[in-house]
Amino acid sequence: MHVVELRFECFDNTTITAAEKAINGLLEAYRANGQILGREFAVAFNDGEFKARLLTPEKSSLAKRFNSPWVEKALTELTDAKLLAPREKYIGQDINSEVSSQETPSWQLLYTSYVHMCSPLRNGDTLQPIPLYQIPATANGDHKRMIRWQTEWQACDELQMAAATKAEFAALEELTSHHSDLFRRGWDLRGRVEYLTKIPTYYYLYRVGGESLANEKKRCCPKCGSNEWLLDEPLLDMFHFRCDTCRIVSNISWDHL
């Protein structure tokens, strides 16, 4: 991932309120399209211009060719706030984050965790994140639904990792059950991505708990009941199960590895 700075200059008298609304609208549109990463963006005002430092999947993530209709609309609204189009300054590669996938994968999957800021769509051959703007819009012109699903998955993951309240059990149910709302929405998004990209796309179903390693290996696919989804060798050293019919990958419970 890469760090860039956007600078917004005023071409006429404006107000902090108007500028704030226009700039934040643009940043939210970029985020909904996967062009910038994270949830909170600091915008500073100094020497007559506004500056925002952002994390992007690629060096060229903010190029016009990747813009969604909502990004284009937000750019035009900068004029109403008396702001010029943003000037981009490249800062450098972020040394603490993952490198985006550059190759077309043979398969891909939806996978995230509470510590990841990158795209939830991963290259199945390398597990590198695939920038969402590199695929067709999944709904209503951008990828807002997938970003929202990722945010909810991460919230549940953080609750179960903290293990400090009764909310942990509800969160685990969302992460591990194929009957949960989180699974249903994510699995439907997975199908939409596969339809748009024509690349086999899988959903990662988190697994923890269980009685023993032996019983874990006997687990069936929760969706179709197949007992032939256990792999001889784990994919990417993480996924011990894969059902090609249901497009699900999963792990042997982390409690028994």
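Tyr206 is a buried residue, with a relative accessible area of 10%; buried here means under 20% relative accessible area, exposed over 50%, and partly exposed in between, with a 1.4 Å probe and protein chains only. The model is a predicted one, in which local features need pLDDT of at least 70 and side-chain atom pairs count only at pLDDT 80 or more, while totals for chains, interfaces and linings use all residues. Residues are numbered from 1 along each chain as its sequence is written, and side-chain values use heavy atoms, leaving out hydrogens and water.

Twelve aromatic pairs turn up in a search of the whole structure. Rings of Phe, Tyr and Trp (its six-membered ring) pair if their centres lie within 6.5 Å; planes under 30 degrees apart count as stacked, over 60 as edge-to-face and the rest as tilted. One of the pairs joins Phe66 and Tyr133: the ring centres are 4.5 Å apart and the planes stand at 45°, so this pair is tilted. Phe66 sits in the loop between β3 (49-56) and α2 (69-80), and Tyr133 in the loop between β6 (121-123) and α3 (144-162), so the contact ties together parts that are 67 residues apart in sequence. Helices (H or I, at least four residues) and strands (E, at least two) are DSSP runs, numbered from the N terminus. Phe66 and Tyr133 are both buried.

Tyr206 itself pairs with Trp153, with ring centres 6.3 Å apart and planes at 85°, so the arrangement is edge-to-face. Trp153 belongs to helix α3 and Tyr206 to the loop between β7 (201-205) and α6 (213-217), so the pair ties together parts that are 53 residues apart in sequence. Trp153 is buried too, at 2% relative accessibility. Trp153 and Tyr206 also belong to one aromatic cluster, along with Tyr111, Tyr204 and Phe239.

Two arginines lie over aromatic faces. A charge sits over a ring if NZ of Lys or CZ of Arg is within 6 Å of the ring centre and within 35 degrees of the ring normal. Arg190 lies over the face of Trp187, 4.5 Å from the ring centre, and Arg219 over the face of Phe241, at 4.7 Å.

What of the cysteines? A disulfide is a covalent bond between the sulfur atoms of two cysteines, counted here when the two sulfur atoms are within 2.5 Å. The structure holds zero disulfides. For Cys221, the nearest cysteine sulfur is that of Cys224, 3.7 Å away. The sulfur of Cys224 has its closest cysteine sulfur in Cys246, at 3.6 Å, too far for a bond. Cys221 is buried at 2% relative accessibility, whereas Cys224 is partly exposed, with a relative accessible area of 41%.
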